[in-house]
Amino acid sequence: KDGAREVAKDAPKDPAKDPCGAAALGLGSATALPPWRPPAGCTPRGGETTVLRAAAELEARLECAGGATHGFDFSKQALVAAAYTLSPAGVGLGAFDDGKTVTLVSRQRSPCPGDPMPMPMNSTAWFVLPTGGERTFGAAACTVESTCP
């Protein structure tokens, strides 16, 4: 299954009822970080989770073919590069920031009957972070409802 599609399909429309929202996870006033997608032709390299604050740092983590460039403006924002292993029941990764800690949230689902036996995959998720201040990383997990055919 396509994890991004699964998340979009299964995410509650009412944020107050989202089992993967800040309130449900006990994250207080933390805000969700928007995802960032590398341009076509760019693939991540490296396997650590870190905050990138300069173009040179991103260029070291992103390999772009055919002259593609990342085009990210570090004068206004930073990036979180979150390396993780997507489990067979994983449907993606989310991130919340409270100004001190970025909490990475592993979104899981229950399997559907007849699902193929998926293999864990290494992946990198990218999130836009406001500039300023140091951050530590935390982890949480949540379960979304599966929509089986």
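**Close-up 1. The side chain of R135 and the backbone oxygen of G133.** In this predicted model, the R135 side chain comes to 3.3 Å from the backbone oxygen of G133. R135 sits in the loop between β8 and β9 (136–144). A second polar contact of the R135 side chain goes to the side chain of D97, at 2.7 Å.

Close-up 2. The relative accessible area of R135 is 13%. The cut-off for buried is under 20%, so R135 counts as buried. Its contacts, leaving aside neighbours within four places in sequence, are R53, D97, G99, K100, T101, V102, L129 and P130. D97, one of these, is also the residue whose side chain makes the 2.7 Å polar contact with the side chain of R135.

**Close-up 3. Strand β5 and its burial.** Strand β5 covers residues 77–86. Seven of its ten residues are buried, so the strand is largely enclosed by the rest of the structure.

**Close-up 4. Pairing of β5 with β3.** Strand β3 spans residues 50–52. It runs antiparallel to β5, and three bridges join the two.

**Close-up 5. Pairing of β5 with β8.** Strand β8 spans residues 121–130. Ten bridges connect β8 with β5, again in the antiparallel sense. A78 has L129 of β8 as its bridge partner.

Terms used:
Residues numbered from 1 in each chain as written. Predicted model: local features only at pLDDT ≥ 70, side-chain atom pairs only at ≥ 80, totals over all residues. Heavy atoms only, no water. Buried < 20%, exposed > 50% of the residue type's maximum accessible area, 1.4 Å probe, protein only. Helix = DSSP H or I, 4+ residues; strand = E, 2+ residues; numbered from the N terminus. Pairing = 2+ DSSP bridges. Polar contact = N/O pair within 3.5 Å; in protein donor to acceptor, adjacent residues only side chain to side chain. Contact = heavy atoms within 4.5 Å.
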